[in-house]
Amino acid sequence: MSEQKRQEIQALVNSGVKAATAYERPDLATRLSALTVKAAKPDTTIAVLGQFKQGKSSLVNSLVGATVCSVDDDIATAVPTFVRYGETDAAWALVPDDDNPEGRREPIPVDQLETYTTERGLPDAPFEVKGVEVEIPRKLLQNGITFIDTPGVGGLGSAYATAGLGTLSVAEIGIFVSDTSQELTLAELNYLQQANGLCSNLVFVATKIDLYPAWRKVVELNKAHLARAGLEIEIIPVSSYLRDEAMRLSDKKINEESGCAHLVRELRTTYVERRESNVWTNAAKDVLSVCEQLSSKLEAELSVYEDPTRTDALVSELENAKTRSESLRSNLSRWQITLNDGIQELNADIDHDFRQRIRTITQEADNAIEDGDPLTIWEEFEPWLVDIVSQEVVSNYRYLTERSMALSHEVAEHFVDDGGNLLHELNIYTGDHPMSKVQGDLALEMKETTTAAKGMTLLKGSYSGMLMCTMLGSLVAVAPLTPIAVGVGLVMGRKSLKDEKARGLKQRKSEAKVSVRRYCEEVQFQVGKDSRSTCRKVHRQLRDHYTMRAEELNRSTAEALKAATSTVQTSQAERNQKVRNLTAEIGRVADLAKKCELVIQSERKA
Amino acid sequence: MSDVGVRTNAILEKAEQVFAGTEALVEVHAIRERLDGPLRVAIAGKVKAGKSTLLNALVGERLAPTDTGECTKIVTWYKDGVTYNVDLFPTGSDQPKQVKFNRDDDALEVDLGGYGPEDVDRLEVTWPTSSLRRITLIDTPGVDTLNAAAEKKTFDFLDPDDTDTPADAVLYLMKHIHSSDMSLLEAFHDDTASHPNAINAIAVLSRADEVGGGRIDAMASAKKISKRYGEEKRLRRLVQLVVPVAGLLAETATTLTETEFRQLQQLAERKSNEIGPYLLSADRFIEATPETPLTSIEREQLLGRFGLFGVRQSLALVRSGNVSTSSELAAGLKERSGIVKLHHILSTLFMGRSEVLKARSALWRLDRTCAAYPDHPGSAELSLELERIVSSAHPFRELSALASLRSGWIKGRDNDLETLEQVLGVNGTLPSQRLGLDESSSNEELRAAAAEQHQRWQRLAGNPMVSHDMQTVIDVAVRSLEGEMVRLSADRK
């Protein structure tokens, strides 16, 4: 979105604030002022995910042009790194905190990042690191972009396999990274499908094209795989190595060859700007809705002055509207009941869903333990358990997302049905006023502002990202089995060894089962706490949003009614004067509305 | 023939008598036949780990087809023989069918004769070549692929439900250790004591040049990684060693042509700052300006054969002036690709033990046969005797002790455990390898070292603080040392 356009919309918002203040509607003015701050900085979080050793960290480094994520031929990334804009270089470690479920931040030296982020870890670290935040002064990040470099899937000893997926819960864009040494594997395709369910803006970045002469063929093969799987994801081939060389030599040609220039453009135009444009368009829509509210009073007044014979009919209509808007505010209104019941149901269903999932896992785990010796299978078993549990956490989150979206739509429907749009339904607009011309489109825009657009952003704001991003997969450790001396019985034959082994086996099995249960319970507790608090936040946000709208409507209808009833006893001359004034005022408001509408339409076309 | 070989042969003869006239006799004959044949080494790994490429490098010919896409879909055996021949074994049938093949464009092209890949159990390629004389190589389809049928074949092959695995040893190829690598490796292994781990498998970091992004120092980096992987607890249980090999370069080095050498020479004649920018990426190398030597098609072919890493290495070698013929270049590249080291390890670790490994497979399979006929007269006695051989023959005890050490069950000082592994032959069974000495060490030096170690371990074995398990391992190591001392004394005379 161009700077000019931004300023244009900002001007509209400012006029909106001015108008609302002039017509003594501080509530609407506040709503628009709050918008200004938000619209200026639409944060875009981009999560970089994929299997390990595919070049995720290199990609982030070469995109921002700084070594913020540690890159090594061998050691892989172990915790997520958040890279965002800051005036100076600074870094923090995200540390779990008993008092705060979101964790706390500990400053760490910028030049020692890799000790905190890689598999090698910091053996004597003073705290347990769940993630790292880095701020650097880079232009690319300046318009609110945050990159999350995630630990790759499949590395040994990395219990964070699903953490990458978890970060999608707070990310607007997901970059899936796979190198061009070979076509997609089954594991990768499955992963992509999971990711696709969590994030609607996925980009596939094919890395290391400098190294593999046949990268074009790999990309073609992958396109076919994606098409077969029904995934509509764009593939962008890049070489981080060439990008780094380009930066070093300040060579634009190499930069283009690296594909990174294209990727950055693509991210900017297709994703970041689209989001930015959405935020600004929504701002314009809000101004539009404010215009409508302001004009309702003026229109009511005007129609009384123009045709006093209609006063009674108008007053009764406005009284009716006022009653409806009052009932919207009441606890017994349908949208409130839908919301309250819905949240309760949501809470119960999400909880039940997760319990069900955990139950299946516990059964499966029990079977596995029953079939083998916990001691020999434990090393594979434990990561399997952690992995499958965190996958279920992600699936549960997906379910929560879908259900909350559905609920938010339902509440919106009921709000509108019960009078959320009652201002349009009023007969106060006379035929040739400019305001009535925009009414058709305006109605549509209004509905969008109050309903659909809210869903996903609302939820992203509600979810406590800390759990999904950083705690997942390492919520709690599975209790280790106490090592029981195994009679290795080297020289003994197989049969005698079996006897020896059988003694401890039973004990080990029951111990292993207890350990699995304890782990699952702990996870259930954590996830339950988190999803309940998410539900609470969703509830609060929806309630606040619609209560505010109801209040505004109520005030608008009340003022319109007051205007209609208090204008009766004036002289003809005064009336004519009033009509002229009001027409001019309505014209101004309608003008503002018209401008908003034009902006919205042009953005929609772009 | 060694003691184990003699005893295994003897028990098989006995088995022939016991099972004479029953269906099991066919199985016993098969076991014998296998004992006399070459060692079977399977090459396994995830899809695109470079299995076929490495197989070609080991054979020294471009036999197995390789491609950017997934390629090997059928388990294929490559064995030595008198004539060039390819047999196809349809699924569920023991009767092989001879099929047509051609080899116009290097790689073998087999006409499946109407069979789809999913209907074929395996292909057997007979190829008269000295490199297959002592070893039969088995190429397997990769796992973790979008082709589920091929993956199932590999799992069935390495971890069959009914019979023992057809391979005596495994080369496991991987790009990095991924958790799915682990599950495949684990499938090949068995946790019972007579079937110990980490004694018949080597992990190969098969695209070693790529871990370092094809940089000139990539192999050094790969070596460091292999070393660390070698210390990884889970992997130690499963494989003896982790060896880095730049597969593509190895394949090319063993099949280098004069034309390719001349082309590289032409490139190397140009100044490095002139060629340098074209070596930044594969695309740049192919699409270089017309003034660059060679046509872009030739350069593309070179790149396909050498990879960017190989081209960089070759140019560095030619420029260094130490290489003036194609065979010198081939030797240099082989050395750099790590294939020389792998050959060496194969011959000492697998071939040096080939009789024991084969005997082990044979005894294991015979035991299964006995178990299948528990009521047959003589079967129980045979089973007991089998157990006696397995538990008393020194080479088997050595393998068990080694496996126990690798599994981390034995507690002791790290330094002690490491030396014990060495004595038990983790790096190979040559005296110098067991004693951790240079290969050029003299007989005297070796004997002195053996005697010194012998003393050291005997002293430790007498220590009451040492755990029972550790003592058992030490006893085995002492026996191994005694054996070496006897052999070394005999060699001197």
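In this predicted model, B:T53, B:L54, B:N56 and B:A57 of helix 3 of chain B are in contact with B:G247, B:L248, B:A250, B:E251 and B:T254 of helix 9 of chain B. By residue class, this contact divides into 4 nonpolar, 4 polar and 1 charged. Helix 3 of chain B spans residues 51-59, and helix 9 of chain B spans residues 247-254. The two axes lie 8 Å apart, at an angle of about 30 degrees. The crossing of helix 3 of chain B with helix 9 of chain B is left-handed.

Chain B as a whole has 22 helices and 11 strands. Of its 493 residues, 45% are buried. Among contacts in chain B with a separation of 6 or more, 72% join residues 24 or more positions apart.

| Core | Residues | Named members |
|---|---|---|
| Largest nonpolar core | 215 residues | B:V41 and B:V204 |
| Second, separate core | 39 residues | including A:L35, A:C291, A:L294 and A:A321 |

Within the largest nonpolar core, B:V41 and B:V204 touch the most other members. The element that gives the most to this core is helix 20 of chain A (residues 494-565), with 12 residues.

Which residues does B:V204 touch, not counting those up to four places away in sequence? They are B:L54, B:L171, B:Y172, B:L173, B:V243, B:V245 and B:L342. One of these, B:L54, also belongs to the helix 3 side of the contact with helix 9 of chain B.

Conventions: Residues are numbered from 1 along each chain as its sequence is written. Chains are lettered from A and ligands numbered from 1 in the order in which they are written. This is a predicted model: local features need pLDDT of at least 70, side-chain atom pairs count only at pLDDT 80 or more; totals for chains, interfaces and linings use all residues. Axes are lines fitted to C-alpha atoms, for helices over the stretch in contact, and angles run from 0 to 180 degrees between N-to-C directions. Helices (H or I, at least four residues) and strands (E, at least two) are DSSP runs, numbered from the N terminus. A crossing is left-handed if the near helix is turned anticlockwise from the far one by less than a right angle, and right-handed if clockwise. Two residues are in contact if their C-beta atoms, placed from the backbone, lie within 7 Å. Ala, Val, Leu, Ile, Met, Phe, Trp, Tyr, Cys and Pro count as nonpolar, Asp, Glu, Lys and Arg as charged, and the others, Gly among them, as polar. A residue is buried if 20 or more other C-beta atoms lie within 10 Å of its own, exposed if 12 or fewer, and partly exposed in between; C-beta atoms are placed from the backbone. A nonpolar core is a set of buried Ala, Val, Leu, Ile, Met, Phe, Trp, Tyr and Cys residues joined through C-beta atoms within 7 Å.
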